[in-house]
Amino acid sequence: MPTVGIVMGSHSDIPVMKKAGLALDRLGISYEARILSAHRTPEETAEWAREARGRGMRVLIAGAGGSAALPGVVAAHTTLPVIGVPLKAWATDGMDALLAVAQMPKGIPVASVAIDGAENAGLLAAAILSVSDDEVRESLESFRRERAAEVAERDADLVARGLVGGDE
Ligand code: RP5
């Protein structure tokens, strides 16, 4: 049974939204991914959101571009936490989606990550799950340690080679 639900408004969102799946894969968290649109398939979207908790999901991630109604619509049909991913679509470099996600009216909250910030959506979903799941907490801690080790390695390389004259 999937623990996280990832939904996006269009197949054109897959290249960015797959980063949420990659982050969850890396942490050993199961998920299902769907294409459901707030305006093109409103009934299916509502049904999926309504059934998510009963199907075992604990956090939902919803990505959409344009006026980005999807995260708010999903949140309207569930009391699970919803993380919105504003996506760059055809105009405004994603600012339209960012405002639609972040400026939800009171009563139905949606957490927002950065524009195209699908990887962070996966990590935030993991952090939410880690509150009650020690295995996820340990996976997240190990992921953070790996990131810190990478920075330390690059720092050591920079110190050794100097700022000018290295490969990068
Ligand atoms: C939104 O409109 C989707 O989430 C997508 O980001 C954007 C463009 O969709 P397509 O026209 O590529 O299907 O509904």
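Visitor: How much accessible area do Leu158, Leu163 and Val164 have together in their nonpolar patch?

Guide: The model is a predicted one, and in it these three residues, Leu158, Leu163 and Val164, form a nonpolar patch on the surface. Taken together, their accessible area is about 350 Å².

Visitor: Is Leu158, in helix H6, buried, partly exposed or exposed?

Guide: Leu158 belongs to helix H6, which covers residues 134-161. Buried would require under 20% relative accessible area and exposed would require over 50%. Because Leu158 has a relative accessible area of 41%, it counts as partly exposed.

Visitor: Which element gives the largest share of the largest nonpolar core?

Guide: That core has 25 residues, and Val4, Ile6, Met17, Ile29, Ile61 and Val85 are those with the most contacts inside it. Two or more residues come from each of strand E1, helix H1, strand E3, strand E4, helix H5 and H6. The largest share, six residues, is given by H5.

Visitor: How many residues does the other core have, the one that lies apart?

Guide: This other core includes Ala38, Met57, Val82 and Val110 among its members, and its size is 19 residues.

Visitor: Is Gly107 buried or exposed?

Guide: Gly107 sits in the loop between helix H4 (95-102) and strand E5 (111-112). Its C-alpha atom is separated by 23 Å from that of Leu87, although the two residues are 20 residues apart along the chain. Since the relative accessible area of Gly107 is 65%, and the cut-off is over 50%, Gly107 is exposed.

Conventions
Residues are numbered from 1 along each chain as its sequence is written. This is a predicted model: local features need pLDDT of at least 70, side-chain atom pairs count only at pLDDT 80 or more; totals for chains, interfaces and linings use all residues. Side-chain values use heavy atoms; hydrogens and water are left out. Patches are made of residues with over 30% relative accessible area and no salt bridge: like charges are joined within 9 Å, nonpolar side chains (Val, Leu, Ile, Met, Phe, Trp, Tyr) within 5 Å. Accessible areas come from the Shrake-Rupley method with a 1.4 Å probe; for residues, only the protein chains shown count as cover. A salt bridge is a side-chain nitrogen of Lys or Arg within 4 Å of a carboxyl oxygen of Asp or Glu. Helices (H or I, at least four residues) and strands (E, at least two) are DSSP runs, numbered from the N terminus. Buried means under 20% relative accessible area, exposed over 50%, partly exposed in between (1.4 Å probe, protein chains only). A nonpolar core is a set of buried Ala, Val, Leu, Ile, Met, Phe, Trp, Tyr and Cys residues joined through side-chain atoms within 4.5 Å.
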